[in-house]
Amino acid sequence: MAPLEHPSADLARWDRAYRKVALLLRAYQVENAYVRHELARDIVHEALAGAPDAQEPEALAVEKLRERVTIWLKRLNDATDESSRNGYSTARMLTIVQAARIIPRWPEAFLSHDDFAPELLQAVREAGIIGVPNLHRTSVGVPQIQFDTVSDVAEGTRRLFQNSLLRMFTFSAIVAAGIVTVIYLAR
């Protein structure tokens, strides 16, 4: 791994940026942990190398990821060599890629600058979306989810329940509540 060249980097903020990019890559169906780690590391390192001091690392890393995804989808669209797909938006191509499960099937090709495998291109050509003439990113998206909040809560819960005494107490309380409920309903 390359050393950090930015001496004033706040590593905790960059760690949050890495976790956010890794979660977004998982949302893009990058299921292979090694590929996800390599992509997230490269994207965050690229963002760190070009980061102005005033900009938030998470936002910068997410923007780098979105830029790379947009460029990759355009390259994929152009590589299919179909005149009917020339006007496809990024959102429509992403929907096709996700519906055909392209990324889980060829994780090493996602965001790569290499040529696409013929099988991958064939899978994209065969995939289609019918009845959605003007698919735009704003019409299919959900509001931005704050993944860092969700992951922080999950991490706090995991740390809380590492205590075996607390786990035993919680399990006992649930069993006792179930028994009391059954007795109450049996009356």
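**Aromatic pairs and an exposed glutamate**

In this predicted model, phenylalanine 110 has a relative accessibility of 3% and therefore counts as buried. The rings of tryptophan 72 and phenylalanine 116 form an edge-to-face pair, because their planes meet at 70 degrees, with the ring centres 5.8 Å apart. That pair links distant parts of the chain: tryptophan 72 belongs to helix α3 (residues 57-79), and phenylalanine 116 to the loop between α5 and α6, 44 residues apart.

**Aromatic pairing**

- The structure contains 3 aromatic pairs.
- One of them joins tyrosine 28 and phenylalanine 110 in a tilted arrangement, at 6.0 Å centre to centre and with 45 degrees between the planes.
- This pair also connects distant parts of the chain, 82 residues apart: tyrosine 28 sits in the loop between α1 (11-27) and α2 (33-49), and phenylalanine 110 in the loop between α5 (102-105) and α6 (118-126).
- Tyr28, Trp72, Phe110 and Phe116 make up one aromatic cluster.

**Burial of the aromatic residues**

- Tyrosine 28 has a relative accessibility of 11% and so counts as buried.
- Tryptophan 72 and phenylalanine 116 are both buried.

**Glutamate 126**

- Glutamate 126 is located in helix α6.
- With a relative accessible area of 62%, glutamate 126 is exposed.

Terms used: Residues numbered from 1 in each chain as written. Predicted model: local features only at pLDDT ≥ 70, side-chain atom pairs only at ≥ 80, totals over all residues. Heavy atoms only, no water. Phe/Tyr/Trp six-rings, centres within 6.5 Å; stacked < 30°, edge-to-face > 60°. Helix = DSSP H or I, 4+ residues; strand = E, 2+ residues; numbered from the N terminus. Buried < 20%, exposed > 50% of the residue type's maximum accessible area, 1.4 Å probe, protein only.
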